[in-house]
Amino acid sequence: MSWDRQITIKSAEELKIMREAGRINAEALAAVRSIIRPGVTTADLNAAAEEVHRKYGVYSPFKNYPGPYPYPASICASVNEELVHGIPGKRKLKEGDIVSVDCGTVYEGFVGDSAFTAGVGEISETARKLLEVTEASLYAGIEKMVAGNRVGDISAAIQHYVESRGLHVVREYTGHGVGRQMHEGPQVPNYGSPGKGMLLRNGLTIALEPMVLVGTPATRVSPDQWTVCSLDGSLTAHFEHTVAITEAGPVILTALED
Ligand code: MF3
Ligand code: CO
């Protein structure tokens with residue numbers, strides 16, 4: 001993946017379009033969340049997101065995204081040790097699993113990108129803590145998304161939140177600028193140093209996405225060439241929002257409601 005990608009500053013008008021892309025994306029994710037239970041397949045989750053996309057006449061930027069082969073679905077559904085980029089299929093969710101659902105939406109040429117991890121029925125105490133810490137680390141990062149701060153301030157906030165609670169952040173995958181392209185600059189790692197990296201400006205839109213592992217930070221790619229798993233088989237979680245940096249502070253574009 002080439003990461004010397006363009007950095008774009010959005011106008012107020014463009015941010016309105018991105019908010020609508022993000023709102024539709026949130027609706028798709030809510031539809032997916034509402035059907036998560038034992039016995040449901042990850043293909044069913046994909047279908048639930050696509051039904052919302054069809055209703056609005058929009059599509060997912062994930063479909064056919066270039067990689068080892070074009071990405072074959074509208075969402076990623078990653079179960080337990082699967083961290084990101086799990087391909088939806090016949091696998092049935094079972095009681096105690098955790099499933100990460102990542103979805104994108106293109107609306108009037110602009111992308112919304114967001115993810116959550118949810119439990120299937122009753123989950124273990126370890127899993128519950130993993131979900132809680134990963135989601136809260138996303139908000140710890142978002143808090144730092146103000147003009148004048150630097151990318152490293154966001155990265156360090158996420159890393160500190162996660163590691164001080166005994167969990168690990170991935171190194172090989174990062175958050176990213178987002179706009180007309182799903183992946184724009186800057187790259188926003190989930191680890192880093194305060195005061196380092198690119199200066200943040202109003203009008204920047206970033207998909208911030210902490211990916212957290214219970215065991216170690218190490219990952220491997222599964223034989224399907226897309227699914228990224230923890231190397232040690234330990235549980236993993238992923239939360240993501242597309243966020244705008246504005247004069248009024250960070251605005252979550254992929255929230256369901258304002
Ligand atoms: N939200 C992910 C990302 O930011 C999803 C992209 S995966 C693919 O990279 F399906 F599009 F390949
Ligand atoms: Co993303």
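The model is predicted, so local features need pLDDT of at least 70 and side-chain atom pairs count only at pLDDT 80 or more, while totals for chains, interfaces and linings use all residues. Residues are numbered from 1 along each chain as its sequence is written, chains are lettered from A and ligands numbered from 1 in the order in which they are written, and side-chain values use heavy atoms, with hydrogens and water left out.

Thr254 counts as buried because its relative accessibility is 3%; buried means under 20% relative accessible area, exposed over 50% and partly exposed in between, with a 1.4 Å probe and protein chains only. Its side chain makes a polar contact of 2.7 Å with the side chain of His241. A polar side-chain atom of Thr254 also lies 2.9 Å from the backbone nitrogen of Thr242. A polar contact is a pair of N or O atoms within 3.5 Å; within protein, one must be able to donate a hydrogen and the other to accept it, and residues adjacent in sequence count only if both atoms are side-chain atoms. Beyond four places in sequence, the residues in contact with Thr254 (heavy atoms within 4.5 Å) include Arg19, Gly22, Asn25 and Asp113.

## The cobalt site

Asp113 (OD), His176 (NE2), Glu209 (OE) and Glu240 (OE) coordinate the cobalt ion (ligand 2) at 2.0 to 2.3 Å. Donors are N, O and S atoms within 2.8 Å of the metal (3.2 Å for Na, K and Ca); water is not among the atoms, so sites may look incomplete. Along the chain the donors follow the spacing D-x62-H-x32-E-x30-E. His176 is in strand 6 (residues 175-177) and Glu209 in the loop between strand 8 (205-208) and strand 9 (211-213), so the pair ties together parts 33 residues apart in sequence. Both His176 and Glu209 are buried.

## Ligand 1

Two cobalt donors, Asp113 and Glu240, also approach ligand 1: polar side-chain atoms lie 2.9 Å from a ligand nitrogen for Asp113 and 3.1 Å for Glu240. For Asp102, a side-chain N or O atom is 2.6 Å from a nitrogen atom of ligand 1.

## Helix 1

Helix 1 (residues 12-35) has 24 residues. Its buried residues include Arg19, Gly22 and Asn25, and their cover includes helix 2 (42-56), strand 13 (241-246) and strand 14.

Terms used
Helices (H or I, at least four residues) and strands (E, at least two) are DSSP runs, numbered from the N terminus. The expected span of a helix is 1.5 Å times one less than its number of residues.
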